[in-house]
Amino acid sequence: MTTKNFLFVNRKAPYGTVYALESLEVVLISAAFEQNVSLAFIDDGVYQITKGQNSKGIGMKNFSPTFRALGDYDITKLYVSSESLAERGLTVDDLMELTYEDADDDYAEKPSIILVDAKGMAAMMAEQEVILSF
Amino acid sequence: MASLNIGGKDIALDEEGYLENLNDWTPEVAEALATAEDVTLTSEHWEILNFLREYYEEYQIAPAVRVLTKAVGKRLGADKGNSKYLYSLFPYGPGKQACKYGGLPKPTGCV
């Protein structure tokens, strides 16, 4: 099978609509087909990977723990918009600690989150072959 | 809708035999689902079922078979973290069959 660079762009808050959850499902399916998958979190999408989510009051499943499994699926590049974080008064410390084990470096645990500005985000997008926006 | 009767309680199953309600799961349910497919659960099976249940508890997903194989190898040793071993326990596919007995949803990405 041909391997392509897939980017999933997440722009919406985790709850209230089904976009975030559906995106994550497609991400996991793409990775199961051994594609080279990266994720981007822009606008309210940055809320999807914030720490300490509790969805009990709205009767939806808190699916944020699933982001911590992405490393197992060899999804190791999560690009987060630094402007979107700043606009919401957030810093990288408000995000979950998402890591992967680098098989090429004796399985050392490394951070998956990559903070980028708009220019860096554009450059990264230019390298993708398939971009899906949620 | 299919169902399973355990100790007088009806447990709803979906069209592929997975639990409709994940909270219905008990070890007896696992035994009954396995028996229905002519499988006798051994301690080796249980090791994988327990592992899957812990994985689901932690990550809220049933792992794809590739991920399961890798994770089992890390946790239980390389002699168990390979397709041959897992298929010897779960010949219909370790992802599908073990998730079913373990009371997990069908793995994401599993067709």
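1. Start with one residue pair in this predicted model. Val9(A) has Ser133(A) as its bridge partner, and Ser133(A) belongs to E7(A). The strands concerned are E1 (residues 5-10) of chain A and E7(A), which pair in the parallel sense through four bridges.

2. That pairing is part of an open sheet in chain A. Five strands make up the sheet, in the order E6-E3-E2-E1-E7, and the pairing is parallel. At the edges are strand E6 (113-116) and strand E7 (130-133) of chain A, each of which pairs on one side only. On average, neighbouring strands of the sheet are turned by 25° against each other, direction ignored.

3. On the contact between the chains: twelve residues come from chain A and twelve residues from chain B. How do the residues on the side of chain A that touches chain B divide into nonpolar, polar and charged? Seven are nonpolar, four are charged and one is polar.

4. Chain B is divided into two parts: domain 1 covers 3-36 and domain 2 covers 43-101. Taken over C-alpha atoms, the centres of domain 1 of chain B and domain 2 of chain B are separated by 19 Å.

Note on methods: Residues numbered from 1 in each chain as written. Chains lettered and ligands numbered in written order. Predicted model: local features only at pLDDT ≥ 70, side-chain atom pairs only at ≥ 80, totals over all residues. Pairing = 2+ DSSP bridges. Helix = DSSP H or I, 4+ residues; strand = E, 2+ residues; numbered from the N terminus. Axes fitted to C-alpha atoms, helices over the stretch in contact; angles between N-to-C directions. Contact = placed C-beta atoms within 7 Å. Nonpolar A, V, L, I, M, F, W, Y, C, P; charged D, E, K, R; others polar. Domains from an automatic or database assignment.
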